[in-house]
Protein chains: 2
Amino acid sequence: MKKLINDPDDVVVEALHGIEAAQPDLRVDHQHKIIYRGDTPKQGKVGIISGGGSGHEPLHGGFVGLGMLDAACAGEMFTSPVPEQMQAATKLVDGGAGVLHVVKNYTGDVMNFEMAAELAAAETGARVVSVVTDDDVAVQDSTWTAGRRGVGVTVLLEKIAGAAAEQGRDLDQVAEVAGKVNANGRSMGVALTSCTVPAAGKPTFELGEGEMEVGVGIHGEPGRERLPLAPASDIAAMLVEPILADLPFTKGDPVIAFVNGLGGTPLIELYVMFNEVNKILGGHGVPIARSLVGSYITSLDMAGASITLLKVDDELLSLWDAPVNTSALRWGI
Amino acid sequence: MKKLINDPDDVVVEALHGIEAAQPDLRVDHQHKIIYRGDTPKQGKVGIISGGGSGHEPLHGGFVGLGMLDAACAGEMFTSPVPEQMQAATKLVDGGAGVLHVVKNYTGDVMNFEMAAELAAAETGARVVSVVTDDDVAVQDSTWTAGRRGVGVTVLLEKIAGAAAEQGRDLDQVAEVAGKVNANGRSMGVALTSCTVPAAGKPTFELGEGEMEVGVGIHGEPGRERLPLAPASDIAAMLVEPILADLPFTKGDPVIAFVNGLGGTPLIELYVMFNEVNKILGGHGVPIARSLVGSYITSLDMAGASITLLKVDDELLSLWDAPVNTSALRWGI
């Protein structure tokens, strides 16, 4: 295992200290492992929190800031945060207009966020609504999931729901737009290598020199099939076609096209992939209204990529374009 | 070799098509492999171009946009662009106020940019001034370098000089501020793994499972010494102390602290490193005025990081804070 770390058990704690030192607009509650906006709570604004296992950075802490999340809870590596963390975060961001929980569909996360919502309601009377993302078309159920896994759509949802909250929409309206994003987005990923969890010290799974895992999950969960390594054009088709078939994306419907790196893949390869995605979508008559290319929801040091397509209308596009000021996504500010 | 590519010889060309499709504010001259601003040239504004071998993305194409570069020339992988490319880019961005060439100190780059400046002057009478970055304290001369290598300071210089040009400063003034950045910035890097150039198909150098290369160059050039893999705290000290000793950074002088990933290292490790850098600088009484954490000057899929410290005064800080709107750095817009 070759990593820039100290004790494998201290990676999350130390990274939180690093974030606190590097990002002056953010605060960190080290007891509860919560990254939050320095100006939260905002009276009358719906608060939005998310969280999940660490190892997917910049998700979620890199998306805390104006126009996106109010707070993010960091779990241990690839492990859901505990309910007390989300409970504390809910209290922290509640400005009287209620709190949206953004939850990726993994069994532990769903259960813990549910319990946190109940605890928060009992403690302070906070009104909480949850949205669960389940956009990964690769498999129906998975190692840690009943139903589809929540992956790349989570990034787009946090941006769009964050903009809706910033506009002053009420909790039901923010939850509605969040649900609309999840309903209209689909994703699929591919791994060229495994990742290595620091405390494990060895790769999560074995993958031969000439192999790739198509439909991989963000914790290295098995995908649809293990295939011989293929050119980027073939890989892009293996990911985009099932996405297009699933929703379906109809000719002329504009999309946000998101090509995401899994942590160990350099940017130049993501642009090669984007070029392929662009050609495939062009062939289907699906116009790209906006794009996002980079490593935003990762799996530690895994080499590979995922593709997310979100079908958008004028409402979603204008929320996407609204100002955002986080360490990982920033524009219009 | 496991990469998301098609033919290894087509990576640069296809990535340029991907950038063009993903970034609507940018234009690409495919004949000359130039990425440029859609609104260039701006009459009366000093034009700024840079360029170098591909494989270091987002450097330089990701830094084209308002407040930074006007154009970037993409060479073949780890190979300087040819003079005709910089000549064409110079012509493209010259709004009558002259053009600054930002050149990393590698023999081929320096020679080709010099020739391009002469060709441009002969062709259109363009006035060109060059600034050469040579901030890497690791080694005095290197595989492809007479003198020190140009590395992380290049990113900070392109941002700061870009802001100076945007303010309407003249060519000598923009060149002066660029020189000031190079004079006050120092860097050093470490590799945990080699990178693999696509056309070579195998790692550039061999590094044992328990080894790291301290002082590595961005093309995998040898550094100061090969050592057993160490904790992040030790690695940070091995990089920061020589930087501090070289300039020197005096107690109380504020710095921009830049922790950079080399392409295959995930963000969470960079924050662990930033935490160590913050502690070391605190111990020396060197305050961090601004920070940058991410993969901005990379070496394909190399795992590792580099650290850059730039001593700043009020002028450099205010130029750093000025609006920038590129695909890789964006704020204040």
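I looked up Leu281(B) first: beyond its neighbours within four places in sequence, this residue is in contact (heavy atoms within 4.5 Å) with Val240(B), Leu244(B), Val255(B), Ala257(B), Val286(B), Ile288(B) and Leu309(B).

The model is predicted: local features need pLDDT of at least 70 and side-chain atom pairs count only at pLDDT 80 or more, while totals for chains, interfaces and linings use all residues. Residues are numbered from 1 along each chain as its sequence is written, chains are lettered from A and ligands numbered from 1 in the order in which they are written, and side-chain values use heavy atoms, without hydrogens and water.

Next I checked the cores. A nonpolar core is a set of buried Ala, Val, Leu, Ile, Met, Phe, Trp, Tyr and Cys residues joined through side-chain atoms within 4.5 Å; buried means under 20% relative accessible area, with a 1.4 Å probe and protein chains only. The largest has 104 residues, and Leu281(B) is one of those with the most contacts inside it, as are Leu100(A) and Met273(B). Helix H7 (residues 267-284) of chain B gives the largest share of this core, 10 residues. Another core, apart from it, has 103 residues, including Met188(A) and Met68(B).

I then turned to Asn182(B), in helix H5 (residues 171-184) of chain B; helices are DSSP runs of H or I, at least four residues, numbered from the N terminus. Asn182(B) counts as buried because its relative accessibility is 11%. Outside four places in sequence, Asn182(B) touches residues including Val132(B), Val153(B) and Leu157(B).

How values were computed: Helix = DSSP H or I, 4+ residues; strand = E, 2+ residues; numbered from the N terminus. Buried < 20%, exposed > 50% of the residue type's maximum accessible area, 1.4 Å probe, protein only.
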